[in-house]
Amino acid sequence: LVRDPRRYRPGLTSWLPIAKERYVGQLRACLELAIRSLPELHQSHARHTFEQFVTRVDQDAALRGFSARQVEGMAFELIRRVSGRRWPLDELKQRWHDAAIPALPELWKDVQSQPTEDARLRRAIELAVAGNQFGFEEFLKVQDPARPIDFLTLTSAPIPFESTQDHFEDVWQRLASSGRKERILYVLDNVGEEVVDLVLIRLLLQQGHEVIVVAHGEEAANDTTVRDLQRLFRDPRVWRFSAEGKVRLPKVIESGSTTRGTDLRTVSAALQKEGSRATLIIAKGEGNRGTLRGVTRDLVNTTLQVPF
């Protein structure tokens, strides 16, 4: 999948100094969610173990040069081990799905209201980019059950595309102007966002493209997992949304990555196979932008600008 495997590095940014400042707080939040039901003594031990890990990464010369995504992968595995929980964010993810799924008909109506096929495609891509707002900080806001999520308003808010850092125009022009049918590898980003992606995926399937969706096998913060998609696809409202478009729900495969983004050093056999057959990769989000570099397939990325 990579042109020069010897030069491949999973992520654009080293752990020190910028990534540590940005990500340690997010990793601590994941830890707290994972251990909140444990006895206090176990919680204290888990926190101490995590802080020892952070200190070691800072001080060990062999670890300091690791990319942020490599350190994240180790941290997520540590959190699973000290908490004994494989899916600690399930409850929050379900709340996001509960808020997002009812918006599907309105989002589709928005797309269908556009006057031409190309305009409908453009609007669906705009919504997919808008879904990238649902980052980790936004995700955590649903910890308060009394705080409602106005998903439709969040998704429909105008996006300043001059401040995006993506291939928005490339995606649209390629799919709008090309007469050929693409075999698309669609690499998901965050929970909540993947519900908006279903709008674009339905439209692509209706246009005759083949779409294979890629998600994580293990939990990595709020990145979408195969488990999340299985729960999403079991929902009758999602079935109905797909059936109304006279398309099937897309095939789903595991990425093999243990961190946010798609670490190609740990790529699954399924992703190797489908990646070699794809004609186009649509990768969502900042994590995928940094990790899917130097690939041998045509790659387009849709993500909002991240000040990094």
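Which helices do the buried residues of α5 pack against? Before getting to that, a quick look at the whole chain, bearing in mind that this is a predicted model.

The protein has 15 helices and 5 strands. Its radius of gyration is 19 Å, close to the 19 Å that the globule rule gives for 308 residues, so the protein is as compact as a globular protein of that length. Run a box along the principal axes and the C-alpha atoms fill roughly 60 × 50 × 35 Å. Of the 308 residues, 55% count as buried. As for contacts with a separation of 6 or more, 77% of them come from residues 24 or more positions apart.

Now back to α5, which covers residues 90-100. Its buried residues are Asp90, Leu92, Lys93, Trp96, His97, Ala99 and Ala100.

| Helix | Residues |
|---|---|
| α1 | 15-35 |
| α6 | 104-112 |
| α8 | 136-140 |
| α9 | 151-156 |
| α11 | 193-206 |
| α12 | 226-234 |

Then there's the pairing of α2 (residues 40-59) with α4 (residues 68-83): their axes come within 10 Å and cross at roughly 160°. Angles over 145 degrees count as roughly antiparallel, and α2 and α4 are therefore roughly antiparallel to each other. Their crossing is right-handed. On the α2 side, the contact is made by Ala46, Thr49, Phe50, Phe53 and Val57, which meet Val71, Met74, Ala75, Leu78 and Val82 of α4. Sorted by class, that contact has 9 nonpolar residues, 1 polar and no charged ones.

Note on methods:
Residues are numbered from 1 along each chain as its sequence is written. This is a predicted model: local features need pLDDT of at least 70, side-chain atom pairs count only at pLDDT 80 or more; totals for chains, interfaces and linings use all residues. Side-chain values use heavy atoms; hydrogens and water are left out. Axes are lines fitted to C-alpha atoms, for helices over the stretch in contact, and angles run from 0 to 180 degrees between N-to-C directions. Helices (H or I, at least four residues) and strands (E, at least two) are DSSP runs, numbered from the N terminus. Angles under 35 degrees count as roughly parallel, over 145 as roughly antiparallel, 65 to 115 as roughly perpendicular and the rest as oblique. A crossing is left-handed if the near helix is turned anticlockwise from the far one by less than a right angle, and right-handed if clockwise. Contact means heavy atoms within 4.5 Å. Ala, Val, Leu, Ile, Met, Phe, Trp, Tyr, Cys and Pro count as nonpolar, Asp, Glu, Lys and Arg as charged, and the others, Gly among them, as polar. Buried means under 20% relative accessible area, exposed over 50%, partly exposed in between (1.4 Å probe, protein chains only). The radius of gyration is taken over C-alpha atoms; the globule rule is 2.2 Å times the number of residues to the power 0.38.
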